[in-house]
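User: I'm new to this and would like to learn how to read a structure like the one below. Could you walk me through it step by step?

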Amino acid sequence: MREDNGARSLSMQALTTEFLSGGVSDIRLTDLLDNIPEMVFLKDSEGYYTYMNPASLACLGHEPDFLRGRRLTIYDMAPPEVARRLDEIDQHILETGEGIYEAEQRVAGKEGQVRWYSGTRIPIRNDRGEIVGIAGISRDITAAKWQETLRRSHATLLEMIVRGKPLNVILEAILGTVETILENLSGSILFVEHNRLRTAAAPSLPKSYTSLIDGVEIGPDVGSCGTSAWRREAVYVSDTFQDPLWKNFVETAMLHGLRSCWSTPIIGNGGVLLGTFALYSGTVRTPSQLEIEIIDMATNIAGIAIDQRRAEERVHFMAHHDPLTGLCNRNLFWTQFSRAIHEAKREQRLVAITYLDLDNFKQINDVHGHAVGDEVLRSLAERISSCIRASDVAVRLGGDEFAIIFSNPKHDEEGILRRLETIRQRAAEPIELDTGSISVTCSSGTAFYPSDGETPEALLARADAAMYEAKKNGRNGVRFFDHSAGSGI
């Protein structure tokens with residue numbers, strides 16, 4: 001189809017150029033030119049238009065009879081910058097006699113929309129070979145130009161994702177690409193986290209604006225983005241000063257000159273709402289169909305990037321965490337424990353390692369079943385996590401064995417003992433099940449760096465020894481390693 005359209009345009013161009021070079025005299029050909037989509041014009045050497053078909057007039061925002069009975073130049077018909085650029089081209093043709101063929105021109109409209117045209121402009125000569133005017137024909141190639149740009153941009157952005165570029169770099173590249181193609185628009189990508197909007201990327205928007213919307217809860221009338229996330233569909237607000245969706249944000253919009261805002265939800269795999277993609281304009285308008293295509297492309301790429309990064313984070317989490325309890329697993333434990341000892345050695349502070357084991361856990365599995373056993377383990381993990389600080393690390397080593405790394409800025413053995421007693425008491429509280437409740441107890445042993453050892457392996461072994469000492473002494477107890485006796489106290 002493209003080849004047929006191209007051949008048609010070229011043949012029409014040849015026909016029109018031949019016709020215009022001889023002057024508009026054939027009424028049938030005039031009717032033909034008045035009804036083709038290509039833009040055709042004829043102007044004299046002084047720059048006054050003697051003919052312009054309706055397609056050309058419409059391109060400049062005028063009615064078909066705008067030129068009738070009037071002597072007008074390009075300055076009477078087009079915005080100053082566009083008029084100046086076209087006049088310079090035509091003056092060069094008049095001075096040199098050299099035409100231009102299939103030249104591409106980029107034109108920005110009053111509201112910032114960019115359009116592309118491909119045109120041919122040639123000098124018209126009289127019988128003596130003197131240049132008496134200029135004839136031209138051009139066609140709108142905006143759709144093709146944008147499609148070409150979209151294909152290149154799509155490939156470039158996908159390559160960034162495949163190469164594992166940081167997510168913030170990818171999201172800013174998406175916005176940069178869109179803003180370069182469209183111009184006079186500013187974009188933002190927001191994450192939806194716990195039903196609130198969080199700024200992920202908005203490099204060209206004022207920081208004072210992005211800080212105001214960061215953390216806003218989504219809802220049915222929360223601007224364009226909050227509403228789009230709430231509805232899970234595109235929301236195009238053409239006038240933020242008047243639209244009721246912006247009633248709570250109109251002062252902010254006025255302050256920053258954000259007159260229109262078009263937002264689209266970013267939906268990930270499985271229909272998960274990831275965030276929103278938005279474009280802001282300083283004028284009252286809705287997006288064109290081509291702009292909607294670019295918005296859809298950007299939203300799609302952003303969704304792929306966010307989905308992939310979250311998948312990578314899930315894989316990384318699963319590799320280092322216990323799937324049943326969500327605590328760190330044995331692999332991550334050794335890394336975290338070694339780091340804690342290294343930092344304690346550098347800062348001359350205490351590290352404690354606690355080995356904790358449920359009492360008689362095998363009986364729970366044998367009597368109540370493994371499903372109940374799993375619920376007991378999950379409950380114990382939650383209770384341990386609620387009793388430690390953010391700087392401490394809780395670990396499931398395997399089975400019913402847990403460990404806790406206490407990183408303390410000071411030598412505070414009494415503080416650790418109090419926390420371990422709290423964990424022991426919390427562990428003994430009844431665990432509610434669908435069939436009733438069950439109570440369990442646990443025993444723990446603790447060793448300290450540097451007094452009980454200087455390596456993770458030695459310290460864990462001594463914490464283990466102290467824990468078994470607690471079990472030998474009746475279970476449901478807390479013991480510290482006794483270095484002199486080689487057991488717990």
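Analyst: Happy to. Let's start with how elements get their names: helices are DSSP runs of at least four residues, numbered from the N terminus. Keep in mind as we go that this is a predicted model.

User: Is H256 buried or exposed?

Analyst: The word "buried" is used for a relative accessible area under 20%. H256 has 17%, so it counts as buried. Leaving aside neighbours within four places in sequence, H256 is in contact with P206, S208, Y209 and L212.

User: Now the nonpolar core. How many residues does the largest one have, and which have the most contacts inside it?

Analyst: The largest nonpolar core has 34 residues, and those with the most contacts inside it are L171, I174, L182, I189, F277 and L279. Several elements give two or more residues to this core, including strand 4 (114-125), helix 5 (142-162), helix 6 (167-182) and strand 6 (185-193). Helix 10 gives the most, with nine residues.

User: What does L171 touch?

Analyst: Not counting residues up to four places away in sequence, L171 touches I189, F191, A200, A201, A302 and I306. Apart from this core lies another, of 31 residues, with A352, L420, A427 and L433 among them.

User: What is the C-alpha separation of W262 and S281?

Analyst: Their C-alpha atoms are separated by 8.7 Å, while W262 and S281 are 19 residues apart along the chain.

User: How do I read a pair of aromatic rings?

Analyst: Look at two things: the distance of the centres and the angle of the planes. The structure holds six aromatic pairs. Take W246 and F249: the ring centres are 6.3 Å apart and the planes are at 75°, so this pair is edge-to-face. W246 is buried, at 3% relative accessibility.

User: And what about F448 and F480?

Analyst: Their ring centres are 5.0 Å apart with the planes at 80°, so that pair is edge-to-face. F448 lies in strand 16 (residues 442-449) and F480 in strand 17 (residues 478-482), so the pair ties together parts that are 32 residues apart in sequence. F448 is buried, with a relative accessible area of 3%, and F480 is buried at 13%.

User: Which residues form one aromatic cluster?

Analyst: F333, W334 and F337 form one aromatic cluster.

User: Last one: which rings have the charged end of R70 or R310 over them?

Analyst: The charged end of R70 sits over the ring of F66, 4.6 Å from its centre. The charged end of R310 sits over the ring of F191, 5.7 Å from its centre.

Note on methods: Residues numbered from 1 in each chain as written. Predicted model: local features only at pLDDT ≥ 70, side-chain atom pairs only at ≥ 80, totals over all residues. Heavy atoms only, no water. Core = buried A, V, L, I, M, F, W, Y, C linked by side-chain atoms within 4.5 Å. Buried < 20%, exposed > 50% of the residue type's maximum accessible area, 1.4 Å probe, protein only. Contact = heavy atoms within 4.5 Å. Phe/Tyr/Trp six-rings, centres within 6.5 Å; stacked < 30°, edge-to-face > 60°. Lys NZ or Arg CZ within 6 Å of the ring centre and 35° of its normal.
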